Amino acid sequence: MDLDLGTALHDAARASASTLPDLEPAPVMRRIRRRRAARTAGGSVVGLAAAGAVAVGTLQLVEDRTVQPAPAPPATSLATPVPDDAPWRVVTPTGDLGCGLPVPAFEDPPGDADLHLEPAADHTTVVAGERLTLDTVLVNGGERDLDATNPSGVRVWFAQDGTVVGTWAPPGGPAPDVRLPAGARVSQPLAGVPITCSTDGAAAAALAPGAYDVYLSVALTLADGDALEVAGGPLGLVVTGGAPATAPPSTDPHPAAEDLVLSPAGLGPLAVGRPPATNPGAAMIEWDPDLCADSGGSPGRWVPAGYAPEVRDGEPRPLFHVAADDRQVSRIDVLSATVRTAEGVGVGTTVDELRAAYPALEGPLEGPQSRVWWLTGPSGTLVLETQGAEGGLQPEGTPESVVLMRVHAAGTEAAYPTASSDDVAGGCL
Amino acid sequence: MSTQDDVVESLIATRGRALRGYAYLLCGNLDDAEDLVQDALVKTFSRRRAGLELDSAEAYVRRTILTVYLDGWRRRGRWAARLHLTAEPSQTAGPESSTGDRVDVVAALRRLPPQQRACVVLRFYEDLTVTEIARRLAVSEGAVKRYLSMGVHSLEGVLGPIRPAPTQTLLVRER
């Protein structure tokens, strides 16, 4: 008998809950009220200004205008039950956070740490080479006022696969004083162009398109000379390639076949280098769970959605082929003569026409059954393979012409031959 | 005491177990489920919300539990010490069962990647439609179908054939 998964899950949830004592409201309510106080303490501007506690320089005190009138703030911001020499509880990296280094684990004390640095959002997107804006907040969630200096501002680190590969220059100059009363928070709106880590003194390049984890850190020097490093993140960042090199941006999420334009950025709105789930061309593809089930490998592939197959070589063939995983659409293959680039190049275009359309065309790479040409854009590479009549690959007298086109995501190998082979995007083998 | 605080305390007292059960299905670990529910309650109610009632309060918290769970997966640096992201059974995995089925389901669910696990729980436990799941997770419907397909396929490898989820959306409370 088939398993009723819904009932099984409900049974499991009920059983798990029965093993634990009832959830006590009091500790949760204490945390809720403390969090509300931390969110609203910055609104008591008069008291803070009188104490001269407004941070200067790159940190600006937050007024949280979205919160309804809060309970009265503490009568004095200086009364604290915590001894002054007690160590601060801080969300802090357990190792160095810097260029070329593995991202260290973060020590995160249980509950709401005294000091923590939070990005205001969980994920964001930026075009390669353009300015990224991040809203971050330094929170003093404890019961002790913070009196420190912040020599270098908030540092931002970009990591891939657990290693820091990028950063940006610290914003502005140093903030001379950071006085953050207990329960207060200050915001630091950051802006800069993400760049790669430069290891040999050469000028750093803009961070390449792809997915990154963003980490934050701020080094504080306390009044007694002790140093603290407060860290935060990660938040997810997708660096996109921006506008395609030659194709105009498409607003239709599912263009008709004859309106699809191929470029180094992708096929119409289907962008290489971006995840299928959130791709602008998500409507153009769908998951076929049974495809390749008999191939011996893992079943399921992404396939075109809503595009009628074409008959080529006497067989119905997909309009395009796609290779993708959770992280990105990595490759799109087009063997159809219907799809063209913005310059009108497609299957059947002669080599002379191809070279005339693209003076910056690279190649050719001599393959066993084709010649490979390519155009590199910010977020991907458009590859075109040509064949002539040599070797009987095409009918006698056929001028050398484009037989297939591919787009590869940036950072993936592209300049290699696949014509007349089983190597097709999303293939079973 | 404010009206909202009354609602929150009532929610904790009457629905705390159900919320922890839901969180447990997502993260597969009792300790993490406890933390997940507490964090979600604090995140949800640290802002004052007009017109809050028990039903809507629970809906808010469930959404936040899901968000915090998935964000915890993305925020690997802060959750690394908790190891709840691994496919290995946690040290405080869950209750022993008088039948093997219940433990098998949780163990099988724990082996799924977080987004597949979330989609399976939302589809089979919360009885949401694909469209509702896509909206909840802010992904395309195609992606949800894929996660469900892969998740169910993986579960069937361990649990055997699974009855398809109902096609209608049901308003479900804890059974």
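This is a predicted model: local features need pLDDT of at least 70, side-chain atom pairs count only at pLDDT 80 or more; totals for chains, interfaces and linings use all residues.
**Stop one: a sheet in chain A**

Start by selecting strands β22, β23, β25, β26, β27 and β28 of chain A, which form an open sheet. Going across it, you'll pass them in the order β22-β23-β28-β27-β26-β25, with antiparallel pairing. Now colour residues 321–324 and 362–366 of chain A: these are the edge strands, β22 and β25, and each one pairs on one side only. From one strand to the next, the twist averages 20°.

To see one residue pair up close, pick A:H321 and look across to its bridge partner in β23(A), A:D333.

**Stop two: chain B**

Hop over to chain B and show it as a cartoon. You'll find eight helices and zero strands. Of its 175 residues, 44% are buried. Looking at contacts between residues at least 6 apart in sequence, 66% join residues at least 24 apart.

**Stop three: where two helices meet**

Next, select residues 130–137 (α7) and 141–159 (α8) of chain B. How do their axes cross? They come within 9 Å and cross at roughly 105°, so α7(B) and α8(B) are roughly perpendicular to each other.

Show side chains for B:V130, B:T131, B:I133, B:A134 and B:L137 on α7(B), then for B:E141, B:V144 and B:K145 on α8(B); this is where the helices meet. Colour that contact by class and you'll get five nonpolar, one polar and two charged residues.

Conventions: Residues are numbered from 1 along each chain as its sequence is written. Chains are lettered from A and ligands numbered from 1 in the order in which they are written. Two strands pair if DSSP finds at least two bridges between them. Helices (H or I, at least four residues) and strands (E, at least two) are DSSP runs, numbered from the N terminus. Axes are lines fitted to C-alpha atoms, for helices over the stretch in contact, and angles run from 0 to 180 degrees between N-to-C directions. Angles under 35 degrees count as roughly parallel, over 145 as roughly antiparallel, 65 to 115 as roughly perpendicular and the rest as oblique. Two residues are in contact if their C-beta atoms, placed from the backbone, lie within 7 Å. Ala, Val, Leu, Ile, Met, Phe, Trp, Tyr, Cys and Pro count as nonpolar, Asp, Glu, Lys and Arg as charged, and the others, Gly among them, as polar. A residue is buried if 20 or more other C-beta atoms lie within 10 Å of its own, exposed if 12 or fewer, and partly exposed in between; C-beta atoms are placed from the backbone.
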